[in-house]
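The points are grouped by topic.

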Amino acid sequence: MDFLSTWWPAWLAAGAVGAAIPVIIHMIHQTRAPEVPFPTLRFLKSAAERTARRRKIENLFLMILRMLLFALLAFALSRPFLSQDFSLLGQKPASAAVLVLDNSYSMNVRGEGGTRFTQVKQEARAVLESPFKPTEAAVLLTNPGGKPQPKRLATDRAALFRRIDDAHVSTGKADLVAAVRHAYTLLDKARAADKRLWVLTDRQALSWQGIGDLTAPATHPDIPVAIIRATEPSLANVAITRAEVVSRDRTAGMPVRIDVTVRNTGETPNEERNVLLFVDDFGQARAKQVVHLSAAGTPGATQTVSMTHVFEQAGPHQIRVALEGQDALALDDARRIALTIADRVPVLAVKQQQADVPFHDANFYLLRALDPLGADADFPWAIAPKELLAEALPTVNLATYATVFLNNVTGLNEQDVRSLANYVSSGGTLAVFCGPNVKAEAYNRLFIENVPDQGGLLPARLGERAGDAVLRTTVEKVTQVQAGSPYLQDLVHSAEIYQDVLVYAYFKTKGAGTEAVLARLSGGDPFLLHKPFGQGHVLLCTTSATTDWTTLPVRNLFLPLLMRIVQLAHGADDAQHNLLAGRPFQVNLYPKVKQQAIVEVTGPLGPQGETATEQPQTQADPARGLNQLTFPKTWNLGYYTYRVATGQAPEGVFATNPDPQESDLAEVTDEMLQGDVKARECHVAANLDALIARFEESAHRELWQYFLMLCLVLAVTEPLIANWMRPEHRRDRAHATPTKREAA
């Protein structure tokens, strides 16, 4: 038994003094027996002896009662308690505990005493050696990294210490909700009466999101919750939260733009840092940008800079953007990008015939827009166009081209159109420009009526020809565009870009849906239409690609529009090659690899020197055009390479990065933590020593309430007993003595 009050010696001394007061009063004040005249004295002597003996017993009882009242009052004010491990046999009862260790990468913040996670591991070991050390326990990680969490509590203390020592910081954000929920599940299985939950983390607000929705703490009021949070009063940290390739054209010889977002998450104002760009060989930076940042939470704390690089060789490349210098959290000072640079994009331009005058040729402007430098340039353009007459169309393999342009072509047969439909259905892009050689009836029959799938190959039926290309008596302008379409996005941000396009002759269309029309003329007729067909796309321009019918080829919209058509047809799937650590990597190797195959995946070194090298097998489904490679073990940060084990193409690279949300080091207060947990007993402190004092205040059965209630009972019963024992009261019951008034 112990006492909570720090003044308990004084209270006990006061109780001793108070208990002596009734003794002193009883010794000083002795009640005298009343004198009663009685004729026979011999009977009086025996009665007086019996009364004296009874009086001594009664007075002694009252004195003890009053002494006990003062003693119990002083004892209650000293606040006595019994420890919860009190046992009559002297044996400590069994106890159970679950330790939840936050190993998200914000725990890698470094202060004067080392990283936060180093402090947390030290505190976890101290808990297992503290006065509250459990007889059975479990250690849970908020980011297990593919390793299974314990399914039951263990009594092997050496195994618990090994699990703490082997734990390391992960690359993602903490899943505290799942870890705490699992902790209560383990504690429910324990038979021990004394159960505790220890959460060792920081006060990062991101980690505690959703913890308030847990009902387990409220439904387990007998389980105290202790939160040890490692933190620093202030820190300096700048993070790269995003890095992405924004250039749609990712081909050799073309400049590639990379946007890098830098954020100050610390409290240091006027941070000046250099952003460095590394490509493949990380020994020397290829570019450098300076950023000036204000303190976290203020305007200017986040900035985005753009950096460019020209890749001379096609194939997979590794890009790394990094901050120069050091700060509290090193993991967010760099981000990685895996990028595949394509060789020159092959494009086929089909025309009806060769023109006598070059600039009257159907492909004259088209070829110069697709390849402005020419094939003989020292630095070839990203697109490699090939010209072809319509009569030679059956002799080429359309699958080798990203886009096929039909410019003022007539005379196609059903076999040619069927080949074009198969090409588009397999993922190709067909762009059709009209002209004087185009016959509406023939196009509707060949491209729509003879292609029953999806209502035909063209986005709409061609109608009558409008306008006069010779006299140019009527002029239409492009006045309406779908700026949100991928083909026009970021190209028509200003109306002048498309409104200066003049159209003198064009074909009207029939049956075009509103969503199919990308641009309209001033009269309301469609100018540019789009239709998905199978896995590919078809675009229809109702005018020509020459200056005979329109000024489009010599306006600012023409070149970027053709480039966008080719870029979207060529595709850029590098987004799926850059993922957060821990997310599974998936890539479809079809049609380059059509059958099931073994793929060798080699990953970077992990924190304990381990690698993620494996040989997974693809899941092939040729009927659906799939041959899926899935690799789930992406917890290590860095670059992963993969290649088919048989040596056939393709080879590729993908990169993993930490979750950028973890760079947000904003914290919550201790009061908010206690409110979110919603446990009946929840303590938050910076270390175990501070928690021990708080647990000692609550880890006992207090007895002062019972002693105080006993004092109140004695205070009420003592006057009643004393009054009942008064001599006058007893004489009235023995034989009545007349009062003075009655005697008179």
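In this predicted model, tyrosine 504 touches residues from several parts of the sequence: beyond its neighbours within four places, it is in contact with Ala466, Gly467, Asp468, Ala469, Arg472, Thr474, Val475, Trp549, Thr550 and Thr551. Tyrosine 504 belongs to the loop between strand 22 (502-503) and strand 23 (505-510). The points below begin with this residue and then turn to the nonpolar cores, an open sheet and the aromatic pairs.

- Arginine 472, one of the contacts of tyrosine 504, places its charged end over the tyrosine 504 ring, 4.1 Å from the ring centre.
- The loop between strand 20 (461-467) and strand 21 (476-481) holds arginine 472.
- With a relative accessibility of 35%, arginine 472 counts as partly exposed.

**Positive phi values in loops**

- Arginine 472 has a phi near 55 degrees, which is a positive value in a residue other than glycine.
- Aspartate 490 also has a positive phi, near 70 degrees, and is likewise a residue other than glycine.
- Aspartate 490 is located in the loop between strand 21 and helix 10.
- Aspartate 490 counts as exposed because its relative accessibility is 58%, and the exposed class begins over 50%.

**Nonpolar cores**

- The largest nonpolar core comprises 43 residues, and those with the most contacts inside it are Leu370, Phe405, Phe527, Phe558 and Leu562.
- Both helices and strands give two or more residues to this core, including helix 7 (364-370), helix 11 (558-570), strand 16 (345-351) and strand 25 (526-533).
- Leucine 370, with its neighbours within four places in sequence left aside, is in contact with Val347, Trp381, Ile383, Pro385, Phe405, Leu562 and Val566.
- Another core lies apart from this one; it has 39 residues, among them Leu412, Ala421, Val451 and Leu458.

- Four strands form an open sheet in the order 27-33-32-29, and their pairing is mixed.
- Strand 27 (578-580) and strand 29 (599-602) are the edge strands, each pairing on one side only.
- From one strand to the next, the twist averages 25 degrees.
- Strand 32 (residues 638-644) and strand 33 (residues 651-657) run antiparallel and are joined by six bridges.
- Valine 653, in strand 33, stands opposite threonine 641.

**Aromatic pairs**

- Eight aromatic pairs are found in a search of the whole structure.
- One of these pairs is stacked: the rings of phenylalanine 585 and phenylalanine 654 are 3.8 Å apart, centre to centre, with 10 degrees between the planes.
- Phenylalanine 585 is part of strand 28 (residues 585-588) and phenylalanine 654 of strand 33, so their pairing ties together parts that lie 69 residues apart in sequence.
- Phenylalanine 585 and phenylalanine 654 are both buried.
- A single aromatic cluster is formed by Phe585, Phe631, Tyr640, Tyr642 and Phe654.

Definitions and conventions: Residues numbered from 1 in each chain as written. Predicted model: local features only at pLDDT ≥ 70, side-chain atom pairs only at ≥ 80, totals over all residues. Heavy atoms only, no water. Core = buried A, V, L, I, M, F, W, Y, C linked by side-chain atoms within 4.5 Å. Buried < 20%, exposed > 50% of the residue type's maximum accessible area, 1.4 Å probe, protein only. Contact = heavy atoms within 4.5 Å. Pairing = 2+ DSSP bridges. Axes fitted to C-alpha atoms, helices over the stretch in contact; angles between N-to-C directions. Phe/Tyr/Trp six-rings, centres within 6.5 Å; stacked < 30°, edge-to-face > 60°. Lys NZ or Arg CZ within 6 Å of the ring centre and 35° of its normal.
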